[in-house]
Amino acid sequence: MTLFSYKVFVTIVEHMNFRKAAEELNLTPSAVSHCVSGMEEELGFPLFIRKNNKISLTGDAKSLLPYIKQLLLSENAVNQAIAEIQGFEKGTVKLGCFNSVCISWIPKLVKNFSDKYPGIKIELFQGTYNDIVKWLENGTIDLGFLSVSSAGKIPITPLYNDRLMCAVPKTFKTRNDGFITIDELKECDFVQPAENCDADSQMLFENSGFVAQSTCHVVDDMSILTMVQSGIGVCILPKMTVESYNANVDVYPIYPEAYRVIGISAFESTRKTPIVNKLYNMIVDLFTEQYT
């Protein structure tokens with residue numbers, strides 16, 4: 001099998017559609033189908049289940065996919081090293097980010113990086129913490145912004161302490177002037193982010209020894225703040241998230257203080273590739289200059 005066959009396979013997986021994969025690769029659909037048939041014949045097992053004009057991966061293909069992606073990443077790293085030796089800086093770095101980072105940091109970061117390295121493109125993937133962890137593990141992205149509490153076993157370099165805040169309806173009255181306590185929160189109804197978006201407030205609840213009372217589990221930050229604004233409940237969100245939206249709510253710091261720690265994550269083998277390392281170093285340098 002050739003690297004090209006692997007590229008065809010991974011492109012099909014990304015789209016879960018033979019025709020769209022063919023369009024991206026500038027091939028005919030029949031050429032893509034022929035390539036997959038050749039791979040399946042050489043491997044001795046099918047890669048895709050075809051049913052009702054839809055495709056899905058077989059169990060064997062799912063097992064094989066991470067290794068093929070890693071092989072293609074290694075090829076990309078070799079090409080980057082060759083280009084650097086030849087005096088060229090070109091390629092694509094795939095960066096994952098969650099909502100508030102995408103709004104607050106990515107525009108400046110992309111501009112600065114593009115100005116310094118015009119031959120290197122940044123391809124952005126926006127998702128939840130869980131999405132970014134999954135993308136790092138399966139090789140979809142090279143680098144990803146995560147909170148330290150959500151990174152698990154993936155290496156992460158801490159960058160920024162983002163204080164957790166409590167957003168409340170305008171009619172809400174706190175017991176104390178200018179802040180809200182953990183004990184006070186125990187009596188509140190919550191509008192909570194969905195579990196896969198919310199490692200940080202979940203950790204706060206666990207460390208404080210209480211279970212938040214909630215009938216709303218929402219993915220989108222703006223939807224959460226809109227529900228708070230309407231009086232459904234209160235929510236805990238990082239300061240950077242709250243400041244990203246113009247919601248008509250009151251926002252109080254929580255006492256004792258609690259933070260999410262945002263960092264940049266990558267596996268060591270991926271970070272060593274030349275262009276990935278350039279973006280990684282720029283991210284670390286930007287935050288070192290701005291926040292220290």
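This is a predicted model: local features need pLDDT of at least 70, side-chain atom pairs count only at pLDDT 80 or more; totals for chains, interfaces and linings use all residues.
1. Aromatic pairs. The structure contains ten aromatic pairs.

2. What the Phe9 and Phe48 pair connects. Phe9 belongs to helix H1 (residues 3-15), while Phe48 belongs to strand S1 (residues 48-51). The two parts are 39 residues apart in sequence, so the pair ties together a helix and a strand. Phe9 is buried, with a relative accessible area of 0%. Phe48 is buried too, at 4%.

3. A second pair, with another geometry class. Phe98 and Tyr129 make an edge-to-face pair, at 5.1 Å centre to centre and 85° between the planes. Phe98 sits in the loop between strand S3 (91-97) and helix H5 (99-104), and Tyr129 is in helix H7 (residues 129-138). Parts that are 31 residues apart in sequence are therefore tied together by this pair. Are these two residues buried or exposed? Phe98 counts as buried, at 5% relative accessibility, and Tyr129 counts as buried at 4%. The cut-off for buried is under 20%.

4. Other ring contacts. Trp105, Phe145, Tyr160 and Phe287 together form one aromatic cluster. A charged side chain also meets a ring: Arg271 lies over the face of Tyr280, at 4.2 Å from the ring centre.

5. The annotated region. UniProt, in an unreviewed entry, lists residues 1-58 as "domain: HTH lysR-type". In the model, the chain over residues 1-58 is 62% helix and 14% strand. Helix H1, with Phe9, and strand S1, with Phe48, were described in point 2.

6. The largest pocket. Its volume is about 740 Å³. It is lined by 21 residues, and those closest to its centre are Lys7, Glu14, Leu72, Asn76 and Lys94. Which elements give two or more residues to the lining? They are H1, helix H2 (18-25), helix H4 (59-85) and S3.

7. The residues that line the largest pocket comprise five nonpolar, eight polar and eight charged. Lys7, Glu14 and Lys94, which are among the residues closest to the pocket centre, belong to the charged group, because Lys and Glu count as charged.

Technical notes: Residues are numbered from 1 along each chain as its sequence is written. Side-chain values use heavy atoms; hydrogens and water are left out. Rings of Phe, Tyr and Trp (its six-membered ring) pair if their centres lie within 6.5 Å; planes under 30 degrees apart count as stacked, over 60 as edge-to-face and the rest as tilted. Helices (H or I, at least four residues) and strands (E, at least two) are DSSP runs, numbered from the N terminus. Buried means under 20% relative accessible area, exposed over 50%, partly exposed in between (1.4 Å probe, protein chains only). A charge sits over a ring if NZ of Lys or CZ of Arg is within 6 Å of the ring centre and within 35 degrees of the ring normal. UniProt positions are given in the numbering used here, feature names are shortened, and annotations may be inferred rather than shown by experiment. On a 1 Å grid over the protein atoms alone, a cavity is a set of points where a 1.4 Å probe fits but cannot get out, and a pocket is an open set with protein on both sides within 12 Å along at least five of seven lines; lining residues have an atom within 4 Å of a point. Grid points are joined across faces, edges and corners, and a volume is the space filled by probe spheres set on the points.
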